[in-house]
Amino acid sequence: MPLPPLTSPVPLPVFMPGMSYQHDAPPPPDAEPTPSPLPPSGGPGSSSSSSSFDFPKLRLQFHDLGHPGSTIFLNSLASPAQVFSTAVQNVLSHLYSSSTPAQKAHHPFHPPPTRSVTLILRSMTGVAYTTGIDLDDDHKEIHLSLEYVAGINPAARRAHEITGVLTHELVHCHQWNGKGAAPGGLVEGVADWVRLQCGLAPPHWKKGDRGAKWDAGYQHTAYFLEYLEGRFGKGTVRRLNEKLRVEKYEEKAFWTGTLGRPVQQLWEDYGKTLETKSDGGADPQDGKTAVNEATQT
Ligand SMILES: [Zn+2]
């Protein structure tokens with residue numbers, strides 16, 4: 001039976017509001033400013049290799065232009081359209097194959113059929129979250145708190161932090177989740193892994209901050225994924241994401257099927273590498289001002 005025009009035959013990712021990201025609290029004022037990322041080439045209409053992706057329509061809404069956060073947002077980003085489209089491009093490039101046709105044929109990766117992403121700046125508690133619209137989950141909404149934007153300090157970090165939050169949320173618009181069964185910590189870890197790869201980590205993230213368990217989420221799981229990428233080769237996180245597309249997540253089958261080992265063993269191996277590193281000398285980051293652990297709700 002032919003499908004109606006707006007129905008996709010591809011399994012849809014489900015992002016419940018409860019799984020959405022509540023971002024870190026802004027760092028203290030004495031945190032070091034970090035440079036804004038340079039937008040890579042590419043984007044809608046670009047002739048880069050990843051332009052073969054179906055690019056979603058990007059929309060921007062302000063629910064209160066009189067809010068200080070709206071002014072700060074507009075003053076911090078020289079070109080919101082460029083930042084938005086570059087972030088989408090980065091997400092697609094990190095999660096899906098964009099290399100040669102031969103490689104694509106050998107390792108086909110399939111982004112979800114996300115057709116539009118609307119960034120909505122509005123007054124709300126928390127930081128940001130992503131959801132699909134009720135009528136069609138292929139249309140995503142990213143809600144970003146105006147209060148959060150207004151509170152980013154120092155001012156030099158605003159563009160970097162906004163872009164980082166946006167990139168994280170855009171991962172949720174384009175990642176798979178094991179047919180809704182993947183642990184929230186893994187979903188959040190993939191989002192922060194992409195943010196990390198884009199050079200958009202906030203200053204309080206610290207390599208080696210392992211967390212209590214592998215799926216603690218956010219930067220803890222992101223650094224674990226970075227370790228796996230280094231150990232098993234570039235494209236490992238893409239493979240995990242692809243596995244989350246084709247199968248319902250079940251822990252043992254997922255990890256042994258992709259990396260040949262239970263996740264707990266991988267987690268312990270990761271911990272040993274950190275112990276070895278800490279035995280070998282101080283991390284240059286250790287001397288910097290301690291930053292409060294992020295507030296995540
Ligand atoms: Zn998230």
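**Close-up views of a predicted model**

**View 1. Helix α2 and its length.** At 1.5 Å a residue, the 16 residues of α2 should span 22 Å, and the end C-alpha atoms of the helix lie 23 Å apart, which agrees. The model shown here and in the views that follow is predicted.

View 2. Of the 16 residues of α2, 12 are buried, so the helix is largely enclosed by the rest of the structure. Among these buried residues are Val83, Phe84, Val88, Val91, Leu92 and Leu95. Ser85, Thr86, Gln89, Asn90 and Ser93 of α2 are also buried. The buried residues of the helix pack against strands β1 and β2 and against helices α5 (158–174), α6 and α8 (236–246).

**View 3. The open sheet of the protein chain.** Four strands form an open sheet in the order β1-β2-β4-β3, with mixed pairing. Strands β1 (57–62) and β3 (128–132) stand at the edges; each has a single partner strand, so one side of each is left without a neighbour in the sheet. On average, neighbouring strands of this sheet are turned by 20° against each other, direction ignored.

View 4. Strand β2 (residues 116–122) and strand β4 (residues 139–145) run parallel and are joined by 7 bridges. Within this pairing, Ile120 has His143 in β4 as its bridge partner. Helix α2 (residues 80–95) packs on the sheet, where it touches β1 and β2, and its direction makes about 135° with that of β1.

**View 5. Cys198 in its loop.** Cys198 is placed in the loop between α6 (184–197) and α7 (218–232). Its relative accessible area is 14%; because buried means under 20%, Cys198 counts as buried. Although Cys198 and Val91 are 107 residues apart in sequence, their C-alpha atoms are 8.7 Å apart in space. Val91 is one of the buried residues of α2.

**View 6. The protein chain as the setting of these details.** The secondary structure of the protein chain comprises 10 helices and 4 strands, which follow one another along the sequence in the pattern β-α-α-α-β-β-β-α-α-α-α-α-α-α. The chain has 297 residues, of which 49% count as buried. Among contacts between residues at least 6 apart in sequence, 74% join residues at least 24 apart. The protein chain exposes about 13,900 Å², and carbon and sulfur atoms supply 56% of this area.

Note on methods: Residues are numbered from 1 along each chain as its sequence is written. This is a predicted model: local features need pLDDT of at least 70, side-chain atom pairs count only at pLDDT 80 or more; totals for chains, interfaces and linings use all residues. Side-chain values use heavy atoms; hydrogens and water are left out. Helices (H or I, at least four residues) and strands (E, at least two) are DSSP runs, numbered from the N terminus. Buried means under 20% relative accessible area, exposed over 50%, partly exposed in between (1.4 Å probe, protein chains only). Contact means heavy atoms within 4.5 Å. Accessible areas come from the Shrake-Rupley method with a 1.4 Å probe; for residues, only the protein chains shown count as cover. Two strands pair if DSSP finds at least two bridges between them. Axes are lines fitted to C-alpha atoms, for helices over the stretch in contact, and angles run from 0 to 180 degrees between N-to-C directions. The expected span of a helix is 1.5 Å times one less than its number of residues.
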